[in-house]
Amino acid sequence: MSLALRGDLPLPVVPFPTPAMPASNFSAPAITASAEVRIAGVAFTALANGALWQNSDRLLIVADLHLEKGSSFARRGQLLPPYDTAATLAALSELVFRLDPAAVVALGDSFHDNAGAERLGSYDRAALSALQRGREWLWVAGNHDDDLPAAIGGEHVSSIAMGPLTLRHEPSESDGDGEIAGHLHPAARVAGRAGSVRRRCFIGDGSRLILPAFGAYAGGLNVLDLAFRSFFPRRFTAFVLGNEAVYPVSRSRLCGG
Amino acid sequence: MTIAVSKQGKSDGGIGNLLPRGFTNWFAGRGWSPRAHQMALLEHTRRGLSTLLIAPTGAGKTLAGFLPSLIAFSEQAPDAGKRGLHTLYISPLKALAVDIARNLEAPVAEMALDLRLETRTGDTPQHKRRRQKYDPPDILLTTPEQLALLLASADAGRLFATVKTVILDELHALVTSKRGDLLSLGLTRLRRLAGDPIMIGLSATVAEPDELRAWLKGQPAAENVRPDPAALSELIVVDGGASPAITILQSDERVPWSGHTARYAYPEILAAVAAHRLSLIFVNTRSQAELLFQELWRLNSDGLPIAIHHGSLDVGQRRRVESAMSAGKICAVVCTSTLDLGLDWGDVDLVVHVGVPKGASRLAQRIGCANHRLDEPSEGLLVPANRFEVLECRAALDANYLGAQDTPPIRPGGLDVLAQHVLGMACAEPLDLSELYDEIRSASPYGDLDWETFERVVDFVATGGYALRSYERFAKIRRGKDGRWRVSNQRIAQQYRLNVGTIIEVPLLNVRLTRMSKSGVALRGGRALGKIEEYFIETLAPADTFLFAGHVLAFSGIRDNEVIATRTPDETPKMPLYAGGKFPLTTYLAEGVRGLIADPKSWSRLPEAVAEWLRLQRNRSTLPRLDQLLVETFPRGDRFYLVAYPFEGRLVHQTLGMLLTRRLERAGLKPTGFVATDYSLATSALEDIGSAFAEGKPTVDELFDEDMLGDDLEAWLAESYLLKRTFRNTALISGIIQKRHPGEQKTGRQVSVSTDLIYDVLRRFEPDHILLQATWTDAATGLLDIARLGDMLSRIGGRIIHKRLDRISPLAIPVMLEIGREAIDGEGREEILREAADDLVREASR
């Protein structure tokens, strides 16, 4: 018996964009792998890979990319595989080239630390620039990356107001109405007859929505953790990321861990 | 441990004169005489020969191991001055080291030997550990991890230069684990520093003594190939004492078809406890212990003092139980393997084992706990939980009487452990790679290590060994101008020291018992009850009740990484306790069970209900011969089933079930899932599998063809949670992820980056990375038991009998009962999410 691990997946290549690429060239996963969510009356689409899409403004929102988390750990002696940035950007590229957004909002903690932008490898830097080209790009400041260098491109903001909506990194204790935030990395464990499944998820109550972390090395915090309670004291729905769809699940079907 | 030897011990006048007068008097003063094996070991060590001593529990093994050193001290000039460390004793359990030290104090004091004896474990205070380095005792009792730490310090050369004797206790338990790998590597360095000291290995009976004999000795360097035959230590074997009196519980109740609790037998267990002085009741899992404990107390109208002891309980609580045992204040302890390994806590006169002990050696060892006097039979009672377990207990008993041993063979050493050792050696002193390579290969588990793999491991330690060489500036070890490798900075060495070792605990969470406020919110504070497995908590929803530390508790939530629980008036916990699939128990008794089934003459030794069951099976279907595999197909409800009986343990069956499902899928038979038990597996499908076999689309032999271990296996494995769990261990041991950082304590739960995420990324970008290779090798021999599945498939090739039935067979009932009771693997996990979402829709439209 051969014990060698054969690579049945090709080394993924971050595609260098050809801006004219039509959306129909991308088959998987279809835009149907999503769920409708309303925040303060505004309709959004929660996508199965953890991004939030607003079709009328062609706005794409992703939270907690944590780029260069691997190299951040390497500085402290934990030599994690240095491919997390490439993996995260590849997933983001797929979305951007399929949806061709007019604007992309990175909702904070886009880099694992402020120096992360400088550690970015040349290949990843090129991939990021390609993503930014031809569209508005907004870096919302997070607690990990409140002072990103200007050289990384895009606009640097602390929060964004959009009609009844506020986009910021950390959910606020006082003003949750119409808030879209990240920071908490929500994840849900769903119990079923045949065991349980843990996945990243959106969590919302119609008035506030918290996005799952998008980064390849970003972990998840169970939505039953008491950290979520002050933001969703009563009812909430977890929009759980599946392979084929985003599944709205009520609190009663969730378990800890 | 008792260092007493029996009064009947034979003294051999010829070698008796090896014993100095003081020792002869000391033995005589106690009414003892030295045993032949103790003298034989003394003789070997006098001649400077490393020796393996194999003896059953109670034979005075440990005293035999220490006797040469004690005698050496008695012969030493009184004022020899500063002598340095003379004898190193290494045991797998720190409790054992402490226990042995206590037991040695008596002979040392009584013979007025001039020596200092100390222990060093993770519990030893910092100041004492520091002092031990510059002012070592004569005899140090310690653990493999502490040895690794000492060897990785700059003082190692001075500290170990004086060592004459190394005693390795419970060697059989150590060598088959990664701790054994770590110890074998440590010993290579120790041999060099101490100039080849005498190694004394103490072991229970093992299947292949020569493997242990080679393990004890430094193997000579050979060009590219392992020397054959290997260099072996001397060997002394002591035959077993009186055969234990073990019986299988003959219950008046009917033994159930399936399940693991043995609830039917609880009244009879209680009656057995009442009839003995002190009983140990072993179960296989913590949750079984909790359940049994609660139920015994429910039945315990006489108020017999019964206690519980398992690894998740708070240390203080465990210590109280242990001292109550020694003081004779309790009459029974429900326990798990935390009481294994020859600890002697009191005068045990009955060992009960609920469920099968999963392996003949384990049975022998546990029964050995009762009554440490070699020449009196100890009493054991086996309580099978279901009918197949009756067969397995019978097979276990036969194995014990036959003295069969089933310790697993020693595997090639793990590369993750090697990576840890390389870093440790760089912390000790500047490294020359080719010197280190030769040193490492003198350890028998690493004799086959090739230079290229070794270099890759060094590269991995330095920069992670990635194809994308982006971590050169963060290298942990660097090559200097002199060609030697050194740690880059002291923080790296500090990290190594904090994370040394190979014991990866299942992530555990503290359970805190708090009170509810009036508004129904759990209050802060409260008593810590102990630790519980994180995976168990994963199955709980708020307000679910579960058993822990003998209480029924209600789960309230997780706060600051602690499980918050409150008391509940409920008597019956809602959550079932035995999550069978979580415990990868495998059975080495498979052949015995197959033999029992194949031999109707042996059925008279089985309970009548079980014999009747086998007779029914013979009439309705068939019974396979010892070398055959029985496969049955039959319709039931709206499904068609295939049931196979390999008796190879749950792990093998799970892997097999997964592979069969893939094949059935390809054959167009629309499988819907499978269930695996320790004895058999059942696969369900929408199409008629039996008629497909009849038409040869495919044949049953094709379905079970060995080549399923190829691509199907790889494709499935890559996604398997089992592989991810193996990866987590490999990542932690190899040091790519650290559990603890200088200045902070991290629990397993807080491991900074999820190893699952790292696994996914690494597998996608660098599938042939050395860490993934190490993971694959571990999984193949360990968790997934692929090697064993391969053996099974090649054994049954051409020997499969297929029975096409029109209804379920008697033998199929136990596994069919499991359907619906536990997870059916293979059915989409996506289905769970879909169901939950449907629920929400229903809820909303109510």
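Visitor: For contacts in chain B between residues at least 6 apart in sequence, what share join residues at least 24 apart?
Guide: In this predicted model, 75% of those contacts in chain B do.

Visitor: And how many helices and strands does chain B have?
Guide: Chain B has 33 helices and 25 strands.

Visitor: What percentage of its residues are buried?
Guide: Chain B has 846 residues, and 49% of them are buried.

Visitor: Let's pick a sheet. What is the strand order in the open sheet of five strands?
Guide: In chain B, the order is β23-β24-β22-β21-β25, and the pairing is mixed.

Visitor: Which strands are at the edges?
Guide: Those are β23 (671-676) and β25 (800-804) of chain B, and each pairs on one side only. From one strand to the next, the twist averages 15°.

Visitor: Do β21 and β25 of chain B run parallel or antiparallel?
Guide: Parallel, with five bridges joining β21 (residues 629-636) to β25(B). In one of them, B:Leu629 is partnered with B:Ile800.

Visitor: Which strands does helix α24 of chain B lie across?
Guide: Helix α24 (residues 650-666) lies across β23 and β24 (681-685) of chain B. It runs at about 170° to β23(B).

Visitor: New topic. Where is B:Pro412?
Guide: B:Pro412 sits in the loop between α16 (387-402) and α17 (415-428) of chain B.

Visitor: Why does B:Pro412 count as partly exposed?
Guide: Because B:Pro412 has 14 C-beta neighbours inside 10 Å. Buried would take 20 or more, and exposed 12 or fewer.

Visitor: What does B:Pro412 touch, leaving out residues up to four places away in sequence?
Guide: B:Pro412 touches B:Pro445 and B:Asp448.

Conventions. Residues numbered from 1 in each chain as written. Chains lettered and ligands numbered in written order. Predicted model: local features only at pLDDT ≥ 70, side-chain atom pairs only at ≥ 80, totals over all residues. Helix = DSSP H or I, 4+ residues; strand = E, 2+ residues; numbered from the N terminus. Contact = placed C-beta atoms within 7 Å. Pairing = 2+ DSSP bridges. Axes fitted to C-alpha atoms, helices over the stretch in contact; angles between N-to-C directions.
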